[in-house]
Amino acid sequence: VGMIVRHTLAFALAGVVVGSAGALLATRVLSRFLYDVSATDPAIFGLAALLLASVALAAGLLPARRAARVDPLIVLRNE
């Protein structure tokens with residue numbers, strides 16, 4: 001379970017880094033559509049990264065825990 005969660009979080013964090021860099025580059029275009037909010041508001045970037053990491057953690061943890069409860073002999077016998 002730990003291995004799956006680590007791999008999932010590694011991919012999620014890589015995606016957050018790349019996405020944040022892309023979002024920072026896109027702020028010049030989007031800044032004219034935003035009112036009363038800074039285009040590079042660190043709180044918004046942090047909350048978005050935290051939300052994405054939480055969803056990725058749940059997406060990796062739930063199937064990994066379910067797969068860990070299955071008896072390997074039964075799975076191999078059925079295949």
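A pocket, as I use the word today, is an open set of grid points with protein on both sides within 12 Å along at least five of seven lines. Lining residues have an atom within 4 Å of a point. Keep in mind that this is a predicted model.

So much for terms. What lines the largest pocket here? There are 17 lining residues, and Ala23, Ala39, Ile44, Phe45 and Ala48 lie nearest the centre. The space inside is about 290 Å³. By class, the lining has 11 nonpolar, 5 polar and 1 charged residues. Helix 1 gives the largest share, 7 residues. Helix 1 and helix 2 each supply at least two.

Now the helices themselves. Helix 1 covers residues 2-30, and helix 2 covers residues 42-68. They pack at an angle of about 155 degrees, with axes 9 Å apart. That makes helix 1 roughly antiparallel to helix 2, because the angle is over 145. The crossing is right-handed.

Which residues meet? From helix 1, the list includes Ile4, Val5, Leu9, Val16 and Ala23. From helix 2, the list includes Phe45, Ala49, Leu52, Gly60 and Ala64. By class, that contact has 15 nonpolar, 3 polar and no charged residues.

One link to finish. Ala23 and Phe45 are both in the helix contact, and both are among the residues nearest the pocket centre.

Terms used: Residues are numbered from 1 along each chain as its sequence is written. This is a predicted model: local features need pLDDT of at least 70, side-chain atom pairs count only at pLDDT 80 or more; totals for chains, interfaces and linings use all residues. Side-chain values use heavy atoms; hydrogens and water are left out. Axes are lines fitted to C-alpha atoms, for helices over the stretch in contact, and angles run from 0 to 180 degrees between N-to-C directions. Helices (H or I, at least four residues) and strands (E, at least two) are DSSP runs, numbered from the N terminus. Angles under 35 degrees count as roughly parallel, over 145 as roughly antiparallel, 65 to 115 as roughly perpendicular and the rest as oblique. A crossing is left-handed if the near helix is turned anticlockwise from the far one by less than a right angle, and right-handed if clockwise. Contact means heavy atoms within 4.5 Å. Ala, Val, Leu, Ile, Met, Phe, Trp, Tyr, Cys and Pro count as nonpolar, Asp, Glu, Lys and Arg as charged, and the others, Gly among them, as polar. On a 1 Å grid over the protein atoms alone, a cavity is a set of points where a 1.4 Å probe fits but cannot get out, and a pocket is an open set with protein on both sides within 12 Å along at least five of seven lines; lining residues have an atom within 4 Å of a point. Grid points are joined across faces, edges and corners, and a volume is the space filled by probe spheres set on the points.
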